[in-house]
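Please read these notes with the structure open beside you. They go point by point, and each point can be checked in the viewer.

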Amino acid sequence: MTRVGVFGAGGRMGSTVCQAVMDDPALELVAAVDPHHAGLDLRQLTGRDSAGLQVSSGPDSLADAGAEVAVDFTVIDGARENLRWCAGHGVHAVVGTSGFTDADLAGLRAAFTTSNCLVAANFAIGAVLMMRMAELAAPWFETTEIIELHHDAKVDAPSGTALRTAERMLAASDEWAPDPTEKHVLPSARGALGPGGIRVHSVRLRGLVAHQEVLLGTTGQSLSIRHDSYDRSSFMPGVVLACKRIAEHPGLTIGLDALLGI
Ligand code: NAD
């Protein structure tokens, strides 16, 4: 059994990670850290039998409990500190927190010498496969458009996943046909111009969660690659997989692709 500690255990993602770790027979939740929820019983957070495990305020509980892997879904400043602690204590880190800069990643590469670290912007395995499939398909099509669809509380557009998809498709092929539109009856009717001129359309709709469709077209045929996240649980198979495989990937790994072997 791999012994896992969770940073941000009181948060939306962290508490869902605690549940997923408790539900997996190959993982054991041994520590939960969240300075803003310290003292809470894990049973209150997860609804699972937690054998009296309580949320602690700092990382020392991970060392005391002999955690081998730490999962971090917190805030960027907290994650920077937590990862320094993990690197210093030889604990593997699985990180989903957003906001790492290139300089941060260079620092993590230098710091993780005795244990390993995975930073992944998207733990939904289906979304990772969607991007990989779009990249594989790109050289075989001349036209493509990306439609990303999210809930009506999302404040940024387009999504980071849509931009990253366009970047990866552009890296795989820069032979995209020019846009034939001469007359824009309504401004922005053709969406936003993403990397390489790939059009990105952002839909915001109450009731949706996180969805993306990549459309590719060539002579007499089209291909649609679609991924739908229905709730936060969509990230859990990726987090659980990372907890199990991180020990086999020395140093810093960026993105879930390497752990999926794709
Ligand atoms: P949230 O605000 O619900 O939870 C964050 C928790 O971290 C809070 O409970 C807070 O008290 C705690 N925290 C703050 N500083 C801490 C520290 N130093 N140590 C331990 N805990 C600390 O946020 P959320 O919705 O759970 O999202 C967390 C992060 O995960 C965000 O950066 C979000 O963008 C990212 N995220 C990533 C993915 C992915 O697939 N990579 C998916 C969803 C969310």
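1. Begin at the start of the chain. Setting aside neighbours within four places in sequence, Met-1 has contacts with Pro-25, Ala-26, Leu-27, Glu-28 and Glu-68. Met-1 belongs to the segment before strand 1. Its relative accessibility is 63%, so Met-1 counts as exposed, the cut-off being over 50%. For a sense of distance, take Met-1 and Asn-82: they are 81 residues apart in sequence, and their C-alpha atoms are 23 Å apart in space. Keep in mind throughout that this is a predicted model.

2. Next, the ligand. Which residues come nearest to the ligand? There are 23 residues around it, and the nearest are Arg-12, Met-13, Asp-34, His-36 and Ser-98. By type, the shell divides into nine nonpolar, twelve polar and two charged residues.

3. For Gly-8, a backbone N or O atom is 3.2 Å from a ligand nitrogen. For Arg-12, a backbone N or O atom is 2.9 Å from a ligand oxygen. A polar backbone atom of Phe-123 is likewise found 2.9 Å from an oxygen atom of the ligand. How much of the ligand does the protein bury? The ligand taken alone exposes 870 Å², and 78% of that is buried by the protein. Two elements give two or more residues to the shell: helix 1 (12–23) and helix 4 (76–89).

4. The largest nonpolar core holds 32 residues, and the ones with the most contacts inside it are Val-4, Val-6, Val-17, Val-71, Val-94, Leu-118 and Phe-123. Elements giving two or more residues to this core include strand 1 (2–7), strand 2 (27–33) and strand 4 (69–72), together with helix 1, helix 2 (42–46) and helix 8 (236–245). Which element gives the largest share? Helix 8 does, with six residues.

5. Not counting residues up to four places away in sequence, Phe-123 touches Phe-73, Val-94, Val-95, Gly-96, Leu-118, Ser-234, Phe-235, Gly-238, Val-239, Ala-242 and Leu-256. There is also a second, separate core of 23 residues, with Ala-65, Val-95, Leu-108 and Leu-252 among them.

6. Is Glu-148 buried or exposed? Glu-148 counts as buried because its relative accessibility is 0%, and the cut-off for buried is under 20%. Glu-148 sits in strand 7 (residues 143–150). Its side chain has a polar contact of 2.8 Å with the side chain of Arg-204, and it also reaches the backbone nitrogen of Ser-159 at 2.8 Å. Beyond its neighbours within four places in sequence, the contacts of Glu-148 include Ala-157, Pro-158, Ala-162, His-201 and His-211.

7. His-211 lies in strand 10 (residues 210–218). With a relative accessible area of 8%, His-211 is buried. A polar atom of the His-211 side chain is 3.0 Å from the backbone nitrogen of Val-209.

8. Most residues other than glycine have a negative phi, and most peptide bonds are trans. The bond joining Ala-157 and Pro-158 is cis, with omega about -5°.

9. Where is Ala-51 found? Ala-51 is in the loop between helix 2 and strand 3 (55–56). Its phi is positive, near 50°. At 77% relative accessibility, Ala-51 counts as exposed.

10. Ser-188 also has a positive phi, near 65°. The loop between helix 7 and strand 8 (192–193) holds Ser-188. Ser-188 counts as exposed, at 59% relative accessibility.

How values were computed:
Residues numbered from 1 in each chain as written. Predicted model: local features only at pLDDT ≥ 70, side-chain atom pairs only at ≥ 80, totals over all residues. Heavy atoms only, no water. Near = heavy atom within 4 Å. Polar contact = N/O pair within 3.5 Å; in protein donor to acceptor, adjacent residues only side chain to side chain. Areas by Shrake-Rupley, 256 points an atom, 1.4 Å probe, with all protein chains shown as cover. Helix = DSSP H or I, 4+ residues; strand = E, 2+ residues; numbered from the N terminus. Nonpolar A, V, L, I, M, F, W, Y, C, P; charged D, E, K, R; others polar. Core = buried A, V, L, I, M, F, W, Y, C linked by side-chain atoms within 4.5 Å. Buried < 20%, exposed > 50% of the residue type's maximum accessible area, 1.4 Å probe, protein only. Contact = heavy atoms within 4.5 Å.
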